[in-house]
Amino acid sequence: MPTTPVCYRHPGRETYIRCSRCDRPICTECMRDASVGHQCPECVAEGRRSVRPARTAFGGGAAGRQGNVTKALIALNVLMMLVSIASARSGNAVAGGGLGGLMGDRTPLTDWGSVLGLAAFPDGTIGGVADGQWYRLVTAMFLHFGVLHLLLNMWALWVLGRTLEAVLGPLRFLALYLLAGLGGNVAAYVFTAPNRTTAGASTAVFGLFAAIFVIMRRLGRDTSAIVPILVINLIFTFTVPSISVAGHLGGLAAGAVVSLILAYAPRSRRTAFQVAGCAIVLVAMIGLTLVRTAALLG
């Protein structure tokens with residue numbers, strides 16, 4: 001005598017619905033809509049595991065289209081600006097220094113975290129990268145001298161960052177940003193007077209300018225609109241006395257090298273080539289820092 005089928009997960013429930021993939025009986029609670037018919041939870045889970053995640057042309061994750069890393073970097077820079085203003089307890093931290101009185105003054109936070117080779121502080125102590133404060137090469141890319149300085153860099157980061165993050169993916173974009181910023185700060189340390197402080201996200205931003213040119217060329221897209229903007233920024237770099245020329249050019253060079261590695265890595269071993277190439281760039285920066293430190297201390 002034929003019996004009514006029961007759900008394979010709920011034996012007490014009779015059902016005439018079957019999974020279109022494995023043909024097991026499923027109740028209305030267990031059935032999942034599919035392109036054809038319905039599927040059971042196990043077949044849906046198996047199908048998800050077998051689907052390869054979407055990747056960008058350079059091997060990155062498609063999550064970069066949301067621009068979350070760009071937004072996080074902007075938020076971090078803004079947060080550091082607020083902390084910097086609070087540490088100064090003065091309106092001059094917002095605006096009051098160079099560039100026609102629109103750039104802000106130094107604050108205790110920028111004194112602590114900006115790139116500084118080696119110098120004596122008012123209290124008689126010695127500090128700087130050469131004195132072991134290597135963290136300055138990283139923290140400097142998140143500190144700014146005033147709100148205008150911050151706004152100019154964050155606008156550029158917002159415009160360039162979202163495009164690059166979308167085509168590179170979150171992790172590769174973050175690596176590009178950090179290596180470009182670090183490269184600019186290392187260049188400032190190596191080629192700037194040891195008692196001069198430099199800070200700002202512009203080292204990383206100039207790296208993004210180089211990267212957008214390289215990446216767009218690799219994708220076969222028009223880059224004619226990028227060149228004039230880059231030229232204007234370079235003119236600005238060389239004509240405004242308070243700007244670190246070494247930092248901007250160092251970030252530009254580092255961004256160009258890293259983006260070339262990311263864009264032209266061979267497809268068969270793309271991730272391994274990209275990781276190895278970025279690691280070599282990082283080691284080269286460490287080497288330059290060690291050489292400069294030995295020169296200052298020798």
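## Rhomboid domain region

Over residues 132-263 the chain is 74% helix and 0% strand, and the end C-alpha atoms lie 35 Å apart. Helices (H or I, at least four residues) and strands (E, at least two) are DSSP runs, numbered from the N terminus. An unreviewed UniProt entry places the feature "domain: Peptidase S54 rhomboid" at residues 132-263. UniProt positions follow the numbering used here, feature names are shortened, and annotations may be inferred rather than shown by experiment.

## Model and confidence

This is a predicted model, in which local features need pLDDT of at least 70, side-chain atom pairs count only at pLDDT 80 or more, and totals for chains, interfaces and linings use all residues. Residues are numbered from 1 along each chain as its sequence is written, and side-chain values use heavy atoms, with hydrogens and water left out.

The mean pLDDT (the predictor's confidence in each residue, from 0 to 100) of the protein chain is 87. In the chain, 92% of residues reach 70 or more. Over residues 96-102 the pLDDT is below 50. Beyond near neighbours in sequence, that stretch has 16 contacts in the model. Contact means heavy atoms within 4.5 Å.

## Transmembrane annotation

The "transmembrane region" annotation in UniProt, from an unreviewed entry, covers residues 72-90, 141-161, 173-191, 197-216, 223-240, 246-265 and 272-295. Residues 173-191 are 100% helix and 0% strand, with end C-alpha atoms 27 Å apart. Residues 197-216 are 75% helix and 0% strand, with end C-alpha atoms 34 Å apart.

Helix α7 (residues 170-191) has 22 residues. From first C-alpha to last, α7 reaches 31 Å, close to the 32 Å expected at 1.5 Å a residue. The expected span is 1.5 Å times one less than the number of residues. Of the 22 residues of α7, 16 are buried, so the helix is largely enclosed by the rest of the structure. Buried means under 20% relative accessible area, exposed over 50%, partly exposed in between (1.4 Å probe, protein chains only).

The axes of α7 and helix α10 (residues 245-263) come within 7 Å and cross at roughly 145 degrees. Axes are lines fitted to C-alpha atoms, for helices over the stretch in contact, and angles run from 0 to 180 degrees between N-to-C directions. The crossing is right-handed. Residues of α7 in the contact include Gly-183, Gly-184 and Ala-187. Those of α10 include Gly-247, Gly-250 and Gly-251.

Gly-250 sits in helix α10. At 13% relative accessibility, Gly-250 counts as buried. Leaving aside neighbours within four places in sequence, Gly-250 is in contact with Gly-183, Gly-184 and Ala-187. Its C-alpha is separated by 21 Å from that of Tyr-264, 14 residues apart along the chain.

Helix α8 (residues 202-218) also packs with α10, at an angle of about 35 degrees and with the axes 7 Å apart. Residues of α8 that meet α10 include Phe-206, Gly-207 and Ala-210. On α10, Gly-247, Gly-251 and Gly-255 are among the partners.

## Helix α11

The 28 residues of helix α11 (residues 270-297) should span 40 Å at 1.5 Å a residue; the end C-alpha atoms are 41 Å apart, which agrees. Buried residues of α11 include Arg-270, Gln-274, Gly-277 and Cys-278. Among the elements covering the buried residues of α11 are α5 (136-139), α7 and α10.

## Asp-23

Asp-23 lies in the segment before β1 (32-33). Phi of Asp-23 is near 70 degrees, a positive value in a residue other than glycine. At 47% relative accessibility, Asp-23 counts as partly exposed.

Technical notes:
Left-handed = near helix turned anticlockwise from the far one by under 90°.
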